[in-house]
Amino acid sequence: MQARITVDDKLLFISDMRHQVDPLADVPQTIMLKMVSPSAEPTASIFDQLWLVDYVDGIGAIAAPQATFRVSEAGKAGGSGPCNTYFATAKLDGQTIVIRDIGSTYKACAPEVMAEEKALFDALAKAASYRVEAGKLIISDKDDREILRFSAAS
């Protein structure tokens, strides 16, 4: 389980660890949440920002633990998928983005979680352009169709 608290689509708190929870156990569970730093103005750069996946083409919101994405000016990209940690190369030029060589750790999860992860990786591989507006990162495919949406984590 992972938790996040939002108000009016603005992320206020998030857990940064995944927790195994047995819904049949009658034992209290504690999850620590971290406050997301408020910013006076929206993040204008895609680089060196932790992005939380809000939407993936074909599946909508990821139901499994919060997936993340990060890209550096050096062309390294990656994050946490619904099941595995992943890595890739990213080439950015103006508003164009190409994400290649996507690889990940090789942990097995429930079939529905693995399907969400495959959808995320497939969408990343189709990335053609991006824009950052109001603290959101939107990635579109070659047909200018939105395939990924992210919120800035901090």
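The following legends describe close-up views of a predicted model.

Residues are numbered from 1 along each chain as its sequence is written. Because the model is predicted, local features need pLDDT of at least 70 and side-chain atom pairs count only at pLDDT 80 or more, while totals for chains, interfaces and linings use all residues; side-chain values use heavy atoms, with hydrogens and water left out.

**Figure 1. Overview of the protein, with one helix and eleven strands.** Helices (H or I, at least four residues) and strands (E, at least two) are DSSP runs, numbered from the N terminus. Along the sequence the elements follow the pattern β-β-β-β-β-β-β-β-α-β-β-β. Of the 154 residues, 38% count as buried, where buried means under 20% relative accessible area, exposed over 50%, and partly exposed in between (1.4 Å probe, protein chains only). The accessible surface comes to about 9300 Å², of which 55% belongs to carbon and sulfur atoms; accessible areas come from the Shrake-Rupley method with a 1.4 Å probe, and for residues only the protein chains shown count as cover.

**Figure 2. The disulfide between C83 and C109.** A disulfide is a pair of cysteine sulfur atoms within 2.5 Å, and by this rule the count comes to one. The S to S distance between C83 and C109 is 1.9 Å. The torsion about their S-S bond is about 80°, so the disulfide is right-handed. C83 lies in the loop between β6 (76-80) and β7 (85-93), and C109 in the loop between β8 (96-104) and α1 (111-125), so the pair ties together parts that are 26 residues apart in sequence. C83 is buried, with a relative accessible area of 2%, whereas C109 is partly exposed at 30%.

Figure 3. E117 lies in helix α1 and is buried, with a relative accessible area of 3%. Leaving aside neighbours within four places in sequence, E117 is in contact (heavy atoms within 4.5 Å) with G81, P82, C83 and N84.

**Figure 4. Helix α1 and the strands against which its buried residues pack.** In α1, the buried residues are V113, E116, E117, A119, L120, F121, A123 and L124. These residues pack against β4 (51-56), β5 (68-71), β7, β8 and β11 (146-152). The expected span of a helix is 1.5 Å times one less than its number of residues; the 15 residues of α1 should therefore span 21 Å, which agrees with the 21 Å between its end C-alpha atoms.
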